[in-house]
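Thanks for coming. Please look at the screen.

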Amino acid sequence: MRPARALIDLDALRHNYRLARGRHGARSLAVVKANAYGHGAVQCARALAEADGFAVAFLDEALVLRDAGITQPILLLEGVFTADELLRVAAFDLWPVVHHAGQIEMLEAADLPHPVHVWLKINSGMNRAGFNPDEVRAVWQRLHDSGKVSGITFITHLARADEPQVITTPRQVQDFEAAIAGLPGERSLSNSAGILAWPQSHADWGRAGILLYGADPLPDESNGLRPVMTLQSEVLSVRELPAGAPLGYGGRFRAEAPMRVGLVAMGYADGYPRSAPDGTPVAVDGFKTRLVGRVSMDMLTVDLTDLPEAGPGSTVELWGPRVPVNRVAELAGTIAYELLCNVKRVRFEYVGG
(Lines give C-alpha, C1' and ligand atoms only; values in the text may rest on other atoms or scores of the structure.)
Protein backbone atom coordinates (compact mmCIF):
# COMPACT_ATOMS: atom_id res chain seq x y z
CA MET A 1 0.00 0.00 0.00
CA ARG A 2 1.36 3.41 -0.95
CA PRO A 3 2.36 5.12 2.31
CA ALA A 4 0.99 8.60 1.54
CA ARG A 5 -1.74 9.49 4.02
CA ALA A 6 -3.56 12.34 5.70
CA LEU A 7 -3.91 11.70 9.42
CA ILE A 8 -6.92 13.63 10.76
CA ASP A 9 -6.90 14.31 14.51
CA LEU A 10 -10.51 14.73 15.59
CA ASP A 11 -9.48 15.52 19.17
CA ALA A 12 -7.55 18.51 17.80
CA LEU A 13 -10.63 19.53 15.82
CA ARG A 14 -12.77 19.52 18.96
CA HIS A 15 -10.07 21.42 20.87
CA ASN A 16 -10.04 24.13 18.22
CA TYR A 17 -13.82 24.42 18.16
CA ARG A 18 -13.99 24.77 21.95
CA LEU A 19 -11.26 27.39 21.83
CA ALA A 20 -13.22 29.34 19.21
CA ARG A 21 -16.47 29.18 21.13
CA GLY A 22 -14.71 30.17 24.33
CA ARG A 23 -13.01 33.14 22.70
CA HIS A 24 -16.18 34.25 20.96
CA GLY A 25 -18.26 33.89 24.09
CA ALA A 26 -21.42 32.91 22.27
CA ARG A 27 -22.66 30.34 19.79
CA SER A 28 -20.41 29.48 16.89
CA LEU A 29 -20.99 27.74 13.60
CA ALA A 30 -18.36 25.24 12.48
CA VAL A 31 -17.62 25.95 8.83
CA VAL A 32 -17.32 22.62 7.00
CA LYS A 33 -17.64 23.80 3.39
CA ALA A 34 -15.33 22.37 0.72
CA ASN A 35 -15.43 18.96 2.42
CA ALA A 36 -14.38 20.57 5.72
CA TYR A 37 -11.47 22.35 4.03
CA GLY A 38 -10.29 19.00 2.70
CA HIS A 39 -10.60 17.10 6.01
CA GLY A 40 -13.87 15.24 5.39
CA ALA A 41 -17.14 17.05 6.08
CA VAL A 42 -19.16 14.13 7.41
CA GLN A 43 -16.39 12.83 9.67
CA CYS A 44 -15.67 16.30 11.04
CA ALA A 45 -19.33 17.18 11.57
CA ARG A 46 -19.92 13.91 13.41
CA ALA A 47 -16.91 14.60 15.61
CA LEU A 48 -18.35 18.03 16.42
CA ALA A 49 -21.55 16.77 17.96
CA GLU A 50 -21.32 19.66 20.43
CA ALA A 51 -21.31 22.31 17.69
CA ASP A 52 -24.08 24.90 17.73
CA GLY A 53 -24.45 24.49 13.97
CA PHE A 54 -22.57 24.22 10.72
CA ALA A 55 -21.96 26.36 7.67
CA VAL A 56 -21.45 25.16 4.12
CA ALA A 57 -21.27 26.94 0.78
CA PHE A 58 -24.34 25.58 -1.00
CA LEU A 59 -27.25 23.14 -0.90
CA ASP A 60 -25.51 19.96 -2.06
CA GLU A 61 -22.93 20.26 0.73
CA ALA A 62 -25.75 20.60 3.28
CA LEU A 63 -27.63 17.57 1.94
CA VAL A 64 -24.54 15.39 2.37
CA LEU A 65 -24.57 16.28 6.06
CA ARG A 66 -28.31 15.74 6.47
CA ASP A 67 -28.03 12.35 4.71
CA ALA A 68 -25.31 11.45 7.23
CA GLY A 69 -27.64 12.18 10.14
CA ILE A 70 -26.39 15.65 11.09
CA THR A 71 -29.31 17.43 12.74
CA GLN A 72 -27.86 20.76 13.88
CA PRO A 73 -28.69 23.97 12.00
CA ILE A 74 -26.87 24.34 8.68
CA LEU A 75 -26.25 27.71 7.05
CA LEU A 76 -25.89 28.03 3.26
CA LEU A 77 -23.31 30.78 2.86
CA GLU A 78 -24.03 31.30 -0.84
CA GLY A 79 -27.77 30.92 -0.41
CA VAL A 80 -29.81 29.31 -3.17
CA PHE A 81 -29.15 29.44 -6.90
CA THR A 82 -32.61 28.49 -8.17
CA ALA A 83 -36.14 28.76 -6.84
CA ASP A 84 -36.49 24.97 -6.76
CA GLU A 85 -33.78 24.79 -4.11
CA LEU A 86 -35.98 26.68 -1.67
CA LEU A 87 -38.31 23.68 -1.36
CA ARG A 88 -35.39 21.54 -0.23
CA VAL A 89 -34.20 24.30 2.09
CA ALA A 90 -37.58 24.16 3.80
CA ALA A 91 -37.77 20.36 3.76
CA PHE A 92 -34.34 19.93 5.36
CA ASP A 93 -34.62 22.89 7.74
CA LEU A 94 -31.67 24.85 6.32
CA TRP A 95 -30.81 28.52 6.73
CA PRO A 96 -30.07 30.28 3.42
CA VAL A 97 -28.11 33.49 3.20
CA VAL A 98 -29.84 36.16 1.09
CA HIS A 99 -27.29 38.46 -0.52
CA HIS A 100 -28.80 39.72 -3.78
CA ALA A 101 -32.17 40.83 -5.11
CA GLY A 102 -32.72 37.71 -7.20
CA GLN A 103 -32.81 35.56 -4.08
CA ILE A 104 -35.50 37.78 -2.58
CA GLU A 105 -37.56 37.39 -5.75
CA MET A 106 -37.20 33.60 -5.52
CA LEU A 107 -38.46 33.69 -1.94
CA GLU A 108 -41.40 35.90 -2.75
CA ALA A 109 -42.50 33.62 -5.60
CA ALA A 110 -41.88 30.32 -3.80
CA ASP A 111 -44.72 28.08 -2.65
CA LEU A 112 -43.14 26.89 0.58
CA PRO A 113 -44.65 24.42 3.06
CA HIS A 114 -43.60 26.75 5.87
CA PRO A 115 -41.51 29.92 6.29
CA VAL A 116 -37.72 29.60 6.48
CA HIS A 117 -35.14 31.36 8.58
CA VAL A 118 -32.87 33.50 6.43
CA TRP A 119 -29.59 35.30 7.04
CA LEU A 120 -29.50 38.74 5.47
CA LYS A 121 -26.02 39.58 4.23
CA ILE A 122 -24.79 43.16 4.49
CA ASN A 123 -21.88 44.54 2.49
CA SER A 124 -20.01 46.39 5.22
CA GLY A 125 -16.94 47.08 3.09
CA MET A 126 -15.67 43.90 1.48
CA ASN A 127 -17.67 44.74 -1.67
CA ARG A 128 -17.98 41.13 -2.76
CA ALA A 129 -21.53 40.16 -1.84
CA GLY A 130 -24.42 41.53 0.19
CA PHE A 131 -26.70 44.53 0.30
CA ASN A 132 -25.24 47.98 0.82
CA PRO A 133 -26.04 49.61 4.19
CA ASP A 134 -28.51 52.06 2.69
CA GLU A 135 -30.54 49.16 1.24
CA VAL A 136 -30.79 47.06 4.37
CA ARG A 137 -33.97 48.49 5.91
CA ALA A 138 -35.94 48.19 2.71
CA VAL A 139 -34.65 44.67 2.13
CA TRP A 140 -35.48 43.65 5.69
CA GLN A 141 -39.01 45.01 5.28
CA ARG A 142 -39.45 43.21 1.99
CA LEU A 143 -38.37 39.90 3.52
CA HIS A 144 -40.62 40.48 6.53
CA ASP A 145 -43.62 41.30 4.34
CA SER A 146 -43.12 38.29 2.07
CA GLY A 147 -44.69 35.89 4.55
CA LYS A 148 -42.01 33.36 3.59
CA VAL A 149 -39.56 34.18 6.37
CA SER A 150 -39.74 32.93 9.96
CA GLY A 151 -36.78 34.98 11.18
CA ILE A 152 -33.88 37.11 9.97
CA THR A 153 -30.29 37.01 11.19
CA PHE A 154 -27.90 39.72 10.01
CA ILE A 155 -24.52 38.65 8.67
CA THR A 156 -21.47 40.35 7.21
CA HIS A 157 -17.96 39.24 6.29
CA LEU A 158 -14.73 40.83 7.47
CA ALA A 159 -12.24 41.53 4.70
CA ARG A 160 -9.03 42.17 6.66
CA ALA A 161 -9.55 40.70 10.11
CA ASP A 162 -6.29 38.76 9.71
CA GLU A 163 -4.40 42.07 9.74
CA PRO A 164 -4.53 43.20 13.39
CA GLN A 165 -2.93 46.59 12.74
CA VAL A 166 -5.36 47.61 9.99
CA ILE A 167 -8.43 49.68 10.93
CA THR A 168 -10.72 48.15 8.30
CA THR A 169 -12.38 45.77 10.75
CA PRO A 170 -13.55 48.40 13.29
CA ARG A 171 -14.95 50.43 10.39
CA GLN A 172 -16.82 47.41 9.06
CA VAL A 173 -18.26 46.68 12.50
CA GLN A 174 -19.38 50.29 12.84
CA ASP A 175 -21.01 50.36 9.40
CA PHE A 176 -22.72 47.03 10.02
CA GLU A 177 -24.18 48.14 13.35
CA ALA A 178 -25.36 51.44 11.87
CA ALA A 179 -27.09 49.63 9.01
CA ILE A 180 -29.18 47.42 11.32
CA ALA A 181 -29.77 49.86 14.18
CA GLY A 182 -33.27 49.35 15.54
CA LEU A 183 -34.00 46.25 13.48
CA PRO A 184 -34.76 43.00 15.34
CA GLY A 185 -32.59 39.99 14.68
CA GLU A 186 -29.44 38.20 15.74
CA ARG A 187 -26.04 39.13 14.31
CA SER A 188 -22.99 37.34 12.94
CA LEU A 189 -19.77 39.17 12.08
CA SER A 190 -16.77 37.12 13.23
CA ASN A 191 -14.90 34.79 10.93
CA SER A 192 -11.88 32.91 12.32
CA ALA A 193 -9.65 35.98 12.53
CA GLY A 194 -12.51 38.03 13.97
CA ILE A 195 -13.05 35.45 16.70
CA LEU A 196 -9.35 35.49 17.62
CA ALA A 197 -8.41 39.14 17.21
CA TRP A 198 -11.45 41.43 17.26
CA PRO A 199 -13.69 41.19 20.34
CA GLN A 200 -15.76 44.09 19.03
CA SER A 201 -16.90 41.81 16.21
CA HIS A 202 -18.27 39.17 18.58
CA ALA A 203 -22.04 38.90 18.49
CA ASP A 204 -24.72 36.20 18.58
CA TRP A 205 -23.02 33.83 16.15
CA GLY A 206 -19.36 33.30 15.28
CA ARG A 207 -18.24 31.40 12.20
CA ALA A 208 -15.15 29.31 12.87
CA GLY A 209 -13.51 28.31 9.60
CA ILE A 210 -9.78 27.85 9.04
CA LEU A 211 -9.02 27.99 12.76
CA LEU A 212 -11.00 24.77 13.24
CA TYR A 213 -8.35 22.95 11.26
CA GLY A 214 -5.43 24.38 13.20
CA ALA A 215 -4.10 26.89 10.67
CA ASP A 216 -3.93 30.15 12.62
CA PRO A 217 -5.14 33.06 10.43
CA LEU A 218 -3.10 35.60 12.41
CA PRO A 219 0.55 36.39 11.72
CA ASP A 220 1.97 35.47 15.13
CA GLU A 221 0.21 32.08 15.32
CA SER A 222 0.04 32.23 19.11
CA ASN A 223 -3.56 31.23 19.76
CA GLY A 224 -3.03 27.65 20.88
CA LEU A 225 -4.61 25.97 17.88
CA ARG A 226 -3.72 22.36 17.17
CA PRO A 227 -3.16 21.12 13.60
CA VAL A 228 -5.83 18.67 12.57
CA MET A 229 -4.24 17.27 9.40
CA THR A 230 -0.81 15.68 9.30
CA LEU A 231 0.21 15.00 5.71
CA GLN A 232 2.63 12.07 5.81
CA SER A 233 4.49 9.62 3.64
CA GLU A 234 7.68 7.56 3.75
CA VAL A 235 11.12 7.48 2.24
CA LEU A 236 11.13 4.91 -0.57
CA SER A 237 14.82 4.87 -1.40
CA VAL A 238 18.06 6.78 -0.81
CA ARG A 239 20.53 8.12 -3.36
CA GLU A 240 24.04 9.50 -2.87
CA LEU A 241 24.72 12.62 -4.93
CA PRO A 242 28.18 13.99 -5.66
CA ALA A 243 28.86 17.72 -5.37
CA GLY A 244 27.42 19.61 -8.32
CA ALA A 245 24.94 16.90 -9.36
CA PRO A 246 21.52 18.17 -10.51
CA LEU A 247 18.34 16.78 -8.99
CA GLY A 248 14.86 16.48 -10.46
CA TYR A 249 13.07 18.16 -13.33
CA GLY A 250 14.92 21.10 -14.80
CA GLY A 251 17.91 20.54 -12.55
CA ARG A 252 16.69 23.35 -10.34
CA PHE A 253 18.64 22.03 -7.37
CA ARG A 254 22.32 21.13 -7.50
CA ALA A 255 24.13 19.46 -4.64
CA GLU A 256 26.41 21.97 -2.92
CA ALA A 257 28.47 19.07 -1.52
CA PRO A 258 28.17 15.28 -1.43
CA MET A 259 24.75 14.51 0.03
CA ARG A 260 22.14 11.84 0.75
CA VAL A 261 18.73 12.35 -0.83
CA GLY A 262 15.54 10.50 0.08
CA LEU A 263 12.81 9.78 -2.47
CA VAL A 264 9.32 10.28 -0.95
CA ALA A 265 5.94 9.02 -2.13
CA MET A 266 4.18 12.39 -2.33
CA GLY A 267 3.64 14.78 -5.22
CA TYR A 268 1.49 17.53 -6.61
CA ALA A 269 -1.16 15.00 -7.69
CA ASP A 270 -1.61 14.36 -3.95
CA GLY A 271 -1.99 18.06 -3.22
CA TYR A 272 1.55 18.97 -2.18
CA PRO A 273 2.34 22.25 -3.98
CA ARG A 274 4.57 22.03 -7.04
CA SER A 275 5.56 25.64 -6.34
CA ALA A 276 7.28 24.69 -3.06
CA PRO A 277 10.90 25.90 -3.33
CA ASP A 278 14.11 24.21 -2.31
CA GLY A 279 14.48 24.55 1.44
CA THR A 280 10.79 24.15 2.27
CA PRO A 281 10.75 22.41 5.69
CA VAL A 282 9.82 18.78 6.12
CA ALA A 283 10.35 16.44 9.07
CA VAL A 284 11.88 12.98 8.71
CA ASP A 285 11.41 10.68 11.70
CA GLY A 286 10.60 13.81 13.68
CA PHE A 287 13.72 15.75 12.69
CA LYS A 288 13.56 18.91 10.59
CA THR A 289 15.17 18.86 7.16
CA ARG A 290 14.33 20.33 3.77
CA LEU A 291 12.78 19.73 0.40
CA VAL A 292 15.33 19.63 -2.44
CA GLY A 293 14.47 19.52 -6.13
CA ARG A 294 11.24 20.24 -7.94
CA VAL A 295 8.11 18.45 -6.77
CA SER A 296 6.93 15.84 -9.29
CA MET A 297 3.44 14.46 -9.83
CA ASP A 298 3.92 11.45 -7.57
CA MET A 299 7.24 11.98 -5.79
CA LEU A 300 9.49 14.54 -4.17
CA THR A 301 12.98 14.46 -2.69
CA VAL A 302 14.32 15.49 0.70
CA ASP A 303 17.76 16.10 2.15
CA LEU A 304 18.92 13.27 4.44
CA THR A 305 22.58 14.32 4.66
CA ASP A 306 22.39 15.24 8.35
CA LEU A 307 20.09 12.34 9.24
CA PRO A 308 22.29 9.26 8.94
CA GLU A 309 19.73 7.00 10.61
CA ALA A 310 17.02 7.91 8.10
CA GLY A 311 16.38 5.62 5.17
CA PRO A 312 13.72 3.53 3.45
CA GLY A 313 10.63 3.38 5.65
CA SER A 314 11.39 6.61 7.52
CA THR A 315 8.28 8.68 8.18
CA VAL A 316 8.10 12.03 6.39
CA GLU A 317 5.82 14.82 7.64
CA LEU A 318 5.02 17.32 4.91
CA TRP A 319 2.90 19.40 7.26
CA GLY A 320 1.42 18.87 10.69
CA PRO A 321 2.61 19.37 14.30
CA ARG A 322 6.30 19.79 13.38
CA VAL A 323 5.88 21.53 10.01
CA PRO A 324 3.23 24.29 10.10
CA VAL A 325 1.03 24.26 7.02
CA ASN A 326 1.10 28.07 7.05
CA ARG A 327 4.86 28.00 6.55
CA VAL A 328 4.65 25.59 3.62
CA ALA A 329 1.92 27.74 2.08
CA GLU A 330 3.92 30.94 2.53
CA LEU A 331 6.96 29.48 0.81
CA ALA A 332 4.80 28.09 -2.00
CA GLY A 333 3.20 31.48 -2.59
CA THR A 334 -0.29 30.52 -1.47
CA ILE A 335 -2.38 30.11 1.71
CA ALA A 336 -3.10 27.18 4.01
CA TYR A 337 -6.74 27.08 2.86
CA GLU A 338 -5.68 26.10 -0.65
CA LEU A 339 -3.19 23.45 0.46
CA LEU A 340 -5.66 21.75 2.80
CA CYS A 341 -8.52 21.84 0.30
CA ASN A 342 -6.33 20.35 -2.44
CA VAL A 343 -5.26 17.18 -0.62
CA LYS A 344 -6.45 14.16 -2.60
CA ARG A 345 -5.50 10.64 -3.66
CA VAL A 346 -3.84 9.94 -0.31
CA ARG A 347 -5.36 7.62 2.28
CA PHE A 348 -7.36 9.42 4.98
CA GLU A 349 -7.12 8.03 8.50
CA TYR A 350 -9.16 9.43 11.40
CA VAL A 351 -8.05 9.26 15.03
CA GLY A 352 -9.68 10.59 18.19
CA GLY A 353 -13.18 9.77 17.06
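Leaving out residues up to four places away in sequence, Lys-121 touches Val-97, Val-98, His-99, Arg-128, Ala-129, Gly-130, Phe-131, Ile-155 and His-157, where contact means heavy atoms within 4.5 Å. This is a predicted model, in which local features need pLDDT of at least 70, side-chain atom pairs count only at pLDDT 80 or more, and totals for chains, interfaces and linings use all residues. Residues are numbered from 1 along each chain as its sequence is written, and side-chain values use heavy atoms, with hydrogens and water left out.

Lys-121 sits in strand β6; strands are DSSP runs of E, at least two residues, and helices are runs of H or I, at least four, numbered from the N terminus. Is Lys-121 buried or exposed? Lys-121 is buried, meaning under 20% relative accessible area with a 1.4 Å probe, protein chains only.

Next, helix α6. This helix covers residues 101–109, and Gln-103, Ile-104, Met-106 and Leu-107 are buried. Down the axis of α6, the buried residues fall within an arc of 160 degrees, so they line one face of the helix. The arc is taken from the directions from the helix axis to the C-beta atoms. Among the elements covering these residues are β6, α5 and α7.

Last, the whole chain. The protein chain has eleven helices and 18 strands. Of its 353 residues, 53% count as buried.

Terms used. Buried means under 20% relative accessible area, exposed over 50%, partly exposed in between (1.4 Å probe, protein chains only). Lys and Arg count as positive and Asp and Glu as negative; His and the chain ends are not counted. A salt bridge is a side-chain nitrogen of Lys or Arg within 4 Å of a carboxyl oxygen of Asp or Glu.
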